[in-house]
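Open the structure in your viewer and keep the sequence beside it. This tour goes from one selection to the next and says what is there.

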Amino acid sequence: MTTGGAEVLADRIARCLDGKYEMVFACLDSVGELGERLQADGFLVHRLERGEGIDIGCMKRLARFIKDQGVDVIHAHQYTPFFYAAGSRLFGPNRPVVFTEHGRFFPDRPSRKRAIFNRLALRRHDHVIAVGNHVKRALVENESIPEKRIDVIYNGINLVPLVDPHRGEGRKNLRAEMAISPNAIVVAQVARLDSIKDHVTAVRSIARLKGKEPPVHLVIVGEGQERCHIEAEIEAMGIHHQVHMLGLRRDIPDILHCCDVVLLTSLSEGIPLSLIEGMAAGLPCVATDVGGVREVVSEQDSIICPVGDIQSISEAIWRLAADANLRSKMGTAGRKVACERFSEQAMFDSYSNLFRKIES
């Protein structure tokens, strides 16, 4: 339960359906900052301490946890948790599994071993959820899961703090905190510091805009194993005064409201929450053409670029930086899409209906 898109959604689903269902958490690896917060708020969060390779002992520990807690339904977020959830049924209660696939491996290739396992492990009372149609296609083509077994439930976010017009009042204070001038263009990249998010391309794209007026700054929000690599690239490009690494933050709506553009440079994505958040905050997006990105954004609200194309990405950022009217037009269009298609309540209702269906 370290901070990431799938983990944040698991946290939100548990909190918002807590009145209807009792939620307990089993983490394969570390409890993480989200897990610690859930523990502090009274949720049971158990660490399974998975070992190297395929850990049969971890499956047994999960089976024991399921039995001890009287679990009725297992909700597995991502493929590896699904693998262990399905495998645990060899050693304990035969409970239905809801498997939500949030994103895909990179590179995403078919696996005969996984295909065989999936066919054998999926049972009649299990449900497979893809967070978008791109993810659904990958589950069919690369995992050999029958299309009729897969439903799509789009990721949703809490729109209220993002569409709140009063959030913008703190814009000057946050910019002052980061020593960013009022006239600068601020680009936000909200993503865990993982190689799949390709922050290096973001840094190099900003470096191409060095010396431009108005100045362009990049704000990176997130934490992860790539921090040292990203910091080294910032230093090598000589733009430490233009790039601000904020680490983990809980005030994402406030940060977005002090920015002008949202950036995503990922090599692979499912349905990226960071783009939905930016759109809800009324910001135009610059995003790489991967995964389910085109299910979220369009040319009306975003500029879509090839993966790793530093020139195209930097030109897209500068096009928005130089044209306030274009930013406003795209931002308005994006907010409309976010509010109509990606509300958190719609997501909660879909999962609640699914759990109710399993109960019956």
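Start with the sheet. Select the four strands that form it: they lie in the order S3-S4-S5-S6, the sheet is open, and the pairing is parallel. Two of them stand at the edges, strand S3 (74-77) and strand S6 (150-152); each has a single partner strand, so one side of each is left without a neighbour in the sheet. From one strand to the next, the twist averages 25 degrees. Bear in mind while looking that this is a predicted model. As background, the strands of a sheet pair through backbone hydrogen bonds, and the pairing may be parallel or antiparallel.

Next, select S3 together with strand S4 (residues 97-101). The two run parallel and are joined by four bridges. To find one of these pairings, pick Ile-74 and look for Val-97, its bridge partner in S4.

Keep S4 selected and show its side chains. Which residues point one way from S4, and which the other way? Val-97, Phe-99 and Glu-101 point one way, while Val-98 and Thr-100 point the other way. Five of the five residues of S4 are buried, so the strand is largely enclosed by the rest of the structure.

The next stop is a pair of helices. Two packed helices are described by the angle between their axes and by the distance between the axes. Select helix H3 (residues 56-69) and helix H4 (residues 79-88): their axes come within 8 Å and cross at roughly 70 degrees. H3 and H4 are therefore roughly perpendicular to each other, since angles of 65 to 115 degrees count as such. Their crossing is right-handed. To see where the helices meet, show Cys-58, Met-59, Leu-62, Ala-63 and Ile-66 in H3, then Phe-83, Tyr-84, Ala-85, Gly-87 and Ser-88 in H4. Sorted by class, the residues of the contact of H3 with H4 are eight nonpolar, two polar and no charged.

Move on to a second pair, helix H14 (residues 310-321) and helix H15 (residues 324-341). They pack at an angle of about 100 degrees, and their axes are 6 Å apart. That angle makes H14 roughly perpendicular to H15. Show Arg-319, Leu-320 and Ala-321 of H14 with Leu-326, Arg-327 and Met-330 of H15, which make the contact. In the contact of H14 with H15, four residues are nonpolar, none is polar and two are charged.

Then select helix H12 (residues 273-280). How many of its eight residues are buried? Seven are, and the helix is mostly covered. The buried residues of H12 are Leu-273, Ser-274, Leu-275, Ile-276, Gly-278, Met-279 and Ala-280.

The last stop is a single residue. Select Arg-171, in helix H8 (residues 171-177).

Key
Residues are numbered from 1 along each chain as its sequence is written. This is a predicted model: local features need pLDDT of at least 70, side-chain atom pairs count only at pLDDT 80 or more; totals for chains, interfaces and linings use all residues. Side-chain values use heavy atoms; hydrogens and water are left out. Two strands pair if DSSP finds at least two bridges between them. Axes are lines fitted to C-alpha atoms, for helices over the stretch in contact, and angles run from 0 to 180 degrees between N-to-C directions. Angles under 35 degrees count as roughly parallel, over 145 as roughly antiparallel, 65 to 115 as roughly perpendicular and the rest as oblique. A crossing is left-handed if the near helix is turned anticlockwise from the far one by less than a right angle, and right-handed if clockwise. Contact means heavy atoms within 4.5 Å. Ala, Val, Leu, Ile, Met, Phe, Trp, Tyr, Cys and Pro count as nonpolar, Asp, Glu, Lys and Arg as charged, and the others, Gly among them, as polar. Buried means under 20% relative accessible area, exposed over 50%, partly exposed in between (1.4 Å probe, protein chains only).
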